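Here's a quick briefing for anyone meeting this structure for the first time. Take a look at it, then read on.

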Amino acid sequence: MAVPSISPIRLNDADAALPTLVLGPSLGSTSASIWHLVAPHLAPHLRLLGWDLPGHGEAPAAVESFSMGELATGVKAMVDETVAGEVHYAGVSIAGAVGLQLGHDYPDAFASISIICSAAKIGTPETWHDRAELVRHQGTDVLEEGSKQRWFGPGFVDAHPGRVAEALDSLRATDAGSYAFACEALADYDLTDELGRITAPLLAVAGEHDGVCPPAAAEALATGVANGRSAVVPGAAHLTPLEAPETIAGLIARHVLS
């Protein structure tokens with residue numbers, strides 16, 4: 001295993017004196033594609049800095065496996081090299097899990113952490129290993145229909161075909177090997193019994209219809225950490241920054257800027 005090299009992605013042009021919010025993507029997306037509708041609402045108040053998983057967007061493909069702890073270490077190294085001053089973190093799904101790992105491993109690094117549609121443990125090891133093997137043999141295209149059903153709440157696919165198409169384009173463009181390595185990292189990820197070590201103020205957000213990381217998972221995060229609260233986005237499922245960007249921006253802004 002190895003620590004991935006993570007490069008910063010500037011999502012706005014902001015005064016360097018502003019607090020920095022580091023934004024992480026869901027599996028099969030990029031920070032730009034998942035946060036682009038939220039970013040304009042936060043841009044006046046925060047310096048927005050994204051990062052991408054290996055093999056996603058312009059990030060180099062992974063050539064060997066990595067753990068969630070190593071992924072968090074890569075993000076922390078990027079932050080240390082790029083950010084001076086107050087820094088906050090927000091991540092969706094796998095990047096939310098990275099946020100929990102960061103809070104666990106580096107308790108003094110972030111002024112706040114926002115966990116969007118994630119959990120202390122996601123799915124089962126067997127499910128992740130099966131998906132890794134499927135993608136290695138058939139590519140990420142094979143995940144399109146299932147992802148569309150998991151990602152979006154009732155009626156969203158028909159109401160917002162453009163957003164759905166962009167999300168699926170990002171999935172199809174993802175390097176299959178890197179996606180599989182990320183699945184295997186999630187198979188070994190479980191912070192259920194370690195949440196009490198996370199001391200940064202934490203916001204956990206879930207979509208009402210998220211079958212991957214349901215509202216109960218967000219509530220478990222809020223009650224399990226030292227200083228947490230949870231919120232539910234009505235009508236949404238697993239990709240709430242695309243489904244309800246103004247709601248997500250408002251929740252994060254209140255958490256970060258209060």
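Predicted model: local features only at pLDDT ≥ 70, side-chain atom pairs only at ≥ 80, totals over all residues.

Residues are numbered from 1 along each chain as its sequence is written, and side-chain values use heavy atoms, with hydrogens and water left out.

- Helices (H or I, at least four residues) and strands (E, at least two) are DSSP runs, numbered from the N terminus, and two strands pair if DSSP finds at least two bridges between them.
- E3 covers residues 47-50, with Arg47 and Leu49 pointing one way and Leu48 and Gly50 the other.
- All of these are buried, meaning under 20% relative accessible area (1.4 Å probe, protein chains only).
- In a regular strand, side chains alternate between the two faces of the sheet.
- On the antiparallel side of things, E1 (residues 9-10) pairs with E3 over two bridges, and Arg10 sits opposite Leu49.
- E2 (residues 20-24) runs parallel to E3, joined by four bridges, and Leu23 has Gly50 as its bridge partner.

**Two loop residues with positive phi**

- Ser93 isn't a glycine, yet its phi is positive, at about 55 degrees.
- You'll find Ser93 in the loop between strand E4 (87-92) and helix H4 (94-105), buried with a relative accessible area of 10%.
- Cys117, also not a glycine, has a positive phi near 55 degrees.
- Cys117 belongs to the loop between strand E5 (113-116) and helix H5 (125-138), and it's buried, with a relative accessible area of 0%.

Note on methods. Buried < 20%, exposed > 50% of the residue type's maximum accessible area, 1.4 Å probe, protein only.
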